Amino acid sequence: MNAPLVCVLALAAGTYVFRLAGPLLQGRVELPARTQELLAVGATVILVALLATGAFTEGHDFAGWSRPAGVLAGAALAWRRAPFVMVVLGAAGATALLRLAGLP
C-alpha cells in the first residue's frame, strides 16, 4: 500500500472513532457547564473564522468587496429567518448585482 492511501485510511478511521465516541459516552461522561459553554463558543468562533476567510480571500489575495457584501446580505436574510433557499439566492444575487455594477 502506498503512503497517501494509508494516511487517508488512518484519518477515516480516526474520524469514525470520534463520531462513534459521542453516542457511546453520552451517559458516562458529564462535562461541567462552563466547559460546555466554552465548547459552544469555540465552535461559533471557528465557524465565523471560516466564514470570514471564505468571504474575504480568494487564493492569497483579497476577493473584492462584492463577495463580503453578498455574505452580509445572506447573513441579514438568515437573521430575519428567511428560508435557506432564499438566503442562498439573496446572497448570490447581491454579489452578482454588485459585480454587474462594476464592483470587484
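Q: How far apart are the axes of helix α3 and helix α4, and at what angle do they pack?
A: Helix α3 (residues 66-79) and helix α4 (residues 84-100) pack at about 150°, with axes 8 Å apart. Axes here are lines fitted to C-alpha atoms, for helices over the stretch in contact, and angles run from 0 to 180 degrees between N-to-C directions. This is a predicted model, where local features need pLDDT of at least 70, side-chain atom pairs count only at pLDDT 80 or more, and totals for chains, interfaces and linings use all residues. Residues are numbered from 1 along each chain as its sequence is written, and side-chain values use heavy atoms, with hydrogens and water left out.

Q: Are α3 and α4 roughly parallel or roughly antiparallel to each other?
A: Over 145 degrees counts as roughly antiparallel, and α3 and α4 are therefore roughly antiparallel to each other. The crossing of α3 past α4 is right-handed, meaning the near helix is turned clockwise from the far one by less than a right angle.

Q: Which residues in α3 meet α4?
A: Contact means heavy atoms within 4.5 Å. On the α3 side you'll find Ser66, Arg67, Ala69, Gly70, Ala73, Gly74, Leu77 and Ala78; they meet Met86, Val87, Gly90, Ala91, Ala94, Thr95, Leu98 and Arg99 in α4. The residues of this contact divide into nine nonpolar, five polar and two charged. Ala, Val, Leu, Ile, Met, Phe, Trp, Tyr, Cys and Pro count as nonpolar, Asp, Glu, Lys and Arg as charged, and the others, Gly among them, as polar.

Q: How many aromatic pairs does a search of the whole structure find?
A: Rings of Phe, Tyr and Trp (its six-membered ring) pair if their centres lie within 6.5 Å; planes under 30 degrees apart count as stacked, over 60 as edge-to-face. The search finds two pairs. Phe56 and Phe62 are stacked, at 6.5 Å centre to centre and 20° between the planes. Phe62 and Trp65 sit edge-to-face, at 5.1 Å and 65°. Phe56, Phe62 and Trp65 form one aromatic cluster.

Q: Is Trp65 buried or exposed?
A: Buried means under 20% relative accessible area, exposed over 50%, partly exposed in between (1.4 Å probe, protein chains only). Trp65 is exposed, at 53%. Phe62 counts as partly exposed at 47%, and Phe56 counts as partly exposed at 36%.

Notes:
Helices (H or I, at least four residues) and strands (E, at least two) are DSSP runs, numbered from the N terminus. Angles under 35 degrees count as roughly parallel, over 145 as roughly antiparallel, 65 to 115 as roughly perpendicular and the rest as oblique.
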